[in-house]
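Come along as I jot down what I looked up.

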Amino acid sequence: MNAVDGDVTFRSRRWVRPEDLNANGSLFGGSLLRWIDEEAAIYAILQLGNPRAVTKYMSEIDFASSARQGDLIEIGIRATSFGRTSLTVRAEVRNMITHERILAIEKIVFVSLDAAGRPVPHGYTDITYDRDRLPAT
């Protein structure tokens, strides 16, 4: 694990391919946001122990730089707080080689839902590095 600024752990890497580019030849923001939401959702599911965790809120998105075809990027997610039915995370994306920040999102909130789609308490108050919070199927 590689922590940066003591805040985010970078666990996911992506290779910027031609289909990820916008008309300017740089990484399309929509592709990047899709990758972040997917990575953050997986993280939230593991932290909350519930495969029905959904994105509720995403704060301001701060694009600091871009990426080009062939660049390798890293996506970092870190839990910042637990609510009764929610989890708030911070996301950061950087160039894997230069470590230049591409994007930061200070607040993404996920809510744990029951089978009927209603918020349900999760009972957690701290980050786990153990993947055993998911119920056995």
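How does the radius of gyration of the protein chain agree with that of a compact globule? A note first: the model I am reading is predicted. For 137 residues, a compact globule would have a radius of gyration near 14 Å, and I found 16 Å for the protein chain, which agrees. I also looked up the span of the C-alpha trace along its principal axes, which is about 45 × 30 × 30 Å.

Next, I went through the secondary structure. I found 1 helix and 7 strands in the protein chain, following the pattern β-β-α-β-β-β-β-β along the sequence.

Then I turned to strand S7, residues 101-112. I noted that 9 of its 12 residues are buried, so the rest of the structure largely encloses S7.

Who are its partners? I looked them up one by one.

- Strand S6 (residues 86-95) pairs with S7 in the antiparallel sense over 8 bridges, and valine 89 stands opposite isoleucine 108 in S7. S6 and S7 form a hairpin with 5 residues between them, and histidine 99 in the turn has a positive phi of about 65°.
- Strand S3 (residues 53-58) is antiparallel to S7 as well, with 5 bridges; here I found threonine 55 opposite phenylalanine 110 in S7.
- Strand S4 (residues 61-63) runs antiparallel to S7 and is joined to S7 by 3 bridges, with isoleucine 61 opposite isoleucine 105 in S7.

Last, I checked the whole chain again. Buried residues make up 42% of the 137 residues. Of the contacts between residues at least 6 apart in sequence, 68% join residues at least 24 apart.

Notes: Residues are numbered from 1 along each chain as its sequence is written. This is a predicted model: local features need pLDDT of at least 70, side-chain atom pairs count only at pLDDT 80 or more; totals for chains, interfaces and linings use all residues. Side-chain values use heavy atoms; hydrogens and water are left out. Buried means under 20% relative accessible area, exposed over 50%, partly exposed in between (1.4 Å probe, protein chains only). Helices (H or I, at least four residues) and strands (E, at least two) are DSSP runs, numbered from the N terminus. Two strands pair if DSSP finds at least two bridges between them. The radius of gyration is taken over C-alpha atoms; the globule rule is 2.2 Å times the number of residues to the power 0.38. Contact means heavy atoms within 4.5 Å.
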